[in-house]
Amino acid sequence: ESEREDRDDAGLESITLAELAEHDSAESCWKAIHGRVYDITDYVPDHPTEEEVLLEWCGRESTEGWDNKRPGVPHSPRAEAMLERYLIGRLVDDTGEPLEPGPGEPTGAMPERQAEEATSPAQDERLARALLGLPLDGHYRGVFIDRGSIQVNITFDLRDGHIESLAYRYLAYRGVDYLALEEGDELYPVMLQHRQIAERLEGAPITRIFALYEPASLVDDIDGYSGATLRGAKVISAIRDALNRGVYAWP
Ligand code: HEM
């Protein structure tokens, strides 16, 4: 930490969250980590995990991911030294002030301006929704676990209370990894039905998840679905778990 306090970043190019957000893909992947911005596009293929692990953070404040390559485990000093090779600037807010989030506190969670003004739920829609227990817009993650193992791991965004970008991070039952199944595999249709669920919920209000109690309204091949080992109730449960956990990353 002291190393960070000592550093002089004034000479670095200033980069806002909005500029950062434009570089959110494998074609151009920037990340803000501890107040500095890195263009790690060239490094992505060399990272010792599937690219997905890194790509997920492109264009975002990524300190949380960097400090927790696995929960509670930060990157090594060697990795830190490597990171500095990709340094391109420092993260600033709209007024040009440096932004450095504390641990586990993504930048933009509550912009300072808004924090000062947010005196009452009468003026702050987000505060009002939170007080009523309504889900806030943002990125969510949740799981359904049974007998000690994860069966559904789901991720989605909420925008104006509507579901967007719903995807499975993991889908399994009794040791079968559904996402790894291929056409022709016996359980492949079950995986397809789950994809269909995701497509049909896309753009729907969050309340639509309860349609999964009657999957016939969402998937075509209901027989295959009802005979399957993964059920709509589990997906509902995973989504509700995500909502209970709260916003994982702010939009
Ligand atoms: C911010 C999102 C990132 C996440 C979630 C992430 C996650 C991980 C994971 C899961 C591993 C393998 C497991 C392990 O070694 O324990 C790993 C290892 C590693 N990562 Fe990352 N990584 C991220 C960013 C980066 C970046 C930007 C760099 C370098 C420019 C980097 C460099 C390395 C290196 C060198 C290792 C080998 C182990 C070590 O030295 O700590 N990672 N990372």
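Modeller: Of the 24 residues in the largest nonpolar core, those touching the most other members are Val152, Ile154, Phe156, Ile197, Val235, Ala238 and Ile239. Such a core is a set of buried Ala, Val, Leu, Ile, Met, Phe, Trp, Tyr and Cys residues joined through C-beta atoms within 7 Å; buried denotes 20 or more other C-beta atoms within 10 Å of a residue's own, with C-beta atoms placed from the backbone. The model is predicted: local features need pLDDT of at least 70, side-chain atom pairs count only at pLDDT 80 or more, and totals for chains, interfaces and linings use all residues. Residues are numbered from 1 along each chain as its sequence is written.

At least two residues of this core come from each of strand 6 (138-146), strand 7 (149-159), strand 8 (162-173), helix 8 and helix 10 (232-245). Helices (H or I, at least four residues) and strands (E, at least two) are DSSP runs numbered from the N terminus.

Leaving aside residues up to four places away in sequence, Ile154 touches Gly142, Leu166, Tyr168, Arg169, Val235, Ala238, Ile239 and Ala242, where contact requires C-beta atoms, placed from the backbone, within 7 Å. A second, separate core of 14 residues includes Ile15, Cys29, Ala32 and Val92.

In helix 8, the buried residues are Val190, Met191, Gln193, His194, Ile197 and Leu201. Viewed down the axis of helix 8, these buried residues fall within an arc of 155°, so they line one face of the helix; the arc is that of the directions from the helix axis to the C-beta atoms. Just after helix 8, Gly203 adopts a positive phi of about 85°.

Technical notes: A residue is buried if 20 or more other C-beta atoms lie within 10 Å of its own, exposed if 12 or fewer, and partly exposed in between; C-beta atoms are placed from the backbone. Two residues are in contact if their C-beta atoms, placed from the backbone, lie within 7 Å.
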